[in-house]
Amino acid sequence: MLKSCFTGKLFALLLLVVLASPASADKNWRENGNSRATEVEACVAPTDQMRRNHMEMIMHQRDITVHEGIRKTDNSLKGCISCHANKDDSGKYIPVNAEGQFCAGCHSYVAAQLDCFSCHATVPR
Amino acid sequence: MTEKTNLARRNFLTKMPAAAAAATVVPGVVLHSTGAQAAARDTAVSDKVRWGMLVDSNKCADACTACVDACNKENGLDMHKMPEGADADTWDQQKPQWIRTVKLRDITTGRESKLPMMCQHCEKPPCEDVCPTGASFRRADGIVMVDRHICIGCRYCMMACPYKARTFLHENVDIKPELAPRGKGCVESCNFCVHRLDNGETTTACQDACAKEGHHAIIFGDLNDPESQVSKALKKYPSQQIRADLKLNPGVRYSGI
């Protein structure tokens, strides 16, 4: 009983390390990128909230946009992309789902499939 | 679903005092809100507006495809071509098409007429009835749409639609249009250029193209507003619903057929 409790704690600790890693891994996007987002302190909500809840925000916005026709831009996917897309040396936008870019960087790390971009644009227009 | 219901409740509660205040500003004066807005919409659409269309088949010119071309361009349907090695006939039948021209021939008199056919935006849409996920739905302002986020691509709605208005997207879309996001595996159909309406415009791409060609066969507007161009035209000219026997009350009416 005692042993299993210890194992459980160890597992929880390991899980925490794994969960915390992308946060430290994605520091790179701010340091290496040149998107508009690198110049501002925080996103539409504090960073820790964005890391955990961005999917909820986008999903909520998508529902009110499609079903109620509300086209405000505060939590829109278009807003994410316009702010987080980096440019390459020639000044052309790099798709946010390209390897190592803002969206793909974390999503491939945690193996969470990114479905947005089978329909939505990956670069600002 | 619960979240949606709560949201509607909240909206209702927050708007209620405002509505009450507006009604009591001047006794005896009723304030109307119009469907058209100048900027991107920030409040939910309501059933005060019902978007609809009147098509005058007599003005629809032979061999003209302006409305079809304009729709394809507006919604990015022209961005993908026939896949390599595909059968041309199959492609012709299956390619994405939100609006098409149809020729009708009266077999007793031989009279031919031509009309554009698209989603008829029924009041009681059969596509919505059969959809297993709720992806096919009718918006409060009468626009029948597909929520691609929850469409599983079963194509039941395509079978149910008596107007053959829907197509299925079989191929990946390489260039994604910003205004009308679309991708492989979903059913799609005319949405009355909903991105335009939500951003304050009051015309559709097909209507603009038809007017530009000088035909003016398509009149679009709010069916609930007696002062709108479409309501006035419907009052003045005889028109009919296609397959009126199904009692679907479509938002698209035709005259001259």
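**Helices of chain A**

Reply: Just after helix α3 of chain A, Gly69(A) takes a positive phi of about 75 degrees; helices here are DSSP runs of H or I with at least four residues, strands are runs of E with at least two, and both are numbered from the N terminus. This is a predicted model, in which local features need pLDDT of at least 70 and side-chain atom pairs count only at pLDDT 80 or more, while totals for chains, interfaces and linings use all residues. Residues are numbered from 1 along each chain as its sequence is written, and chains are lettered from A and ligands numbered from 1 in the order in which they are written.

Helix α3(A) itself covers residues 47-68 and has a kink of about 70 degrees centred on Asn53(A), where the bend at a residue is the angle between axes fitted to the seven residues ending there and the seven starting there.

Helix α5(A), residues 102-109, has Phe102(A), Cys103(A) and Gly105(A) as buried residues, buried meaning that 20 or more other C-beta atoms, placed from the backbone, lie within 10 Å of the residue's own. Seen down the axis of α5(A), these buried residues fall within an arc of 165 degrees, so they line one face of the helix; the arc is that of the directions from the helix axis to the C-beta atoms. After α5(A) comes Ala111(A), with a positive phi near 55 degrees.

Chain A also touches chain B, with 14 residues of chain A in contact with 20 residues of chain B, contact meaning C-beta atoms, placed from the backbone, within 7 Å.

Note on methods
Contact = placed C-beta atoms within 7 Å. Buried ≥ 20, exposed ≤ 12 C-beta atoms within 10 Å, placed from the backbone.
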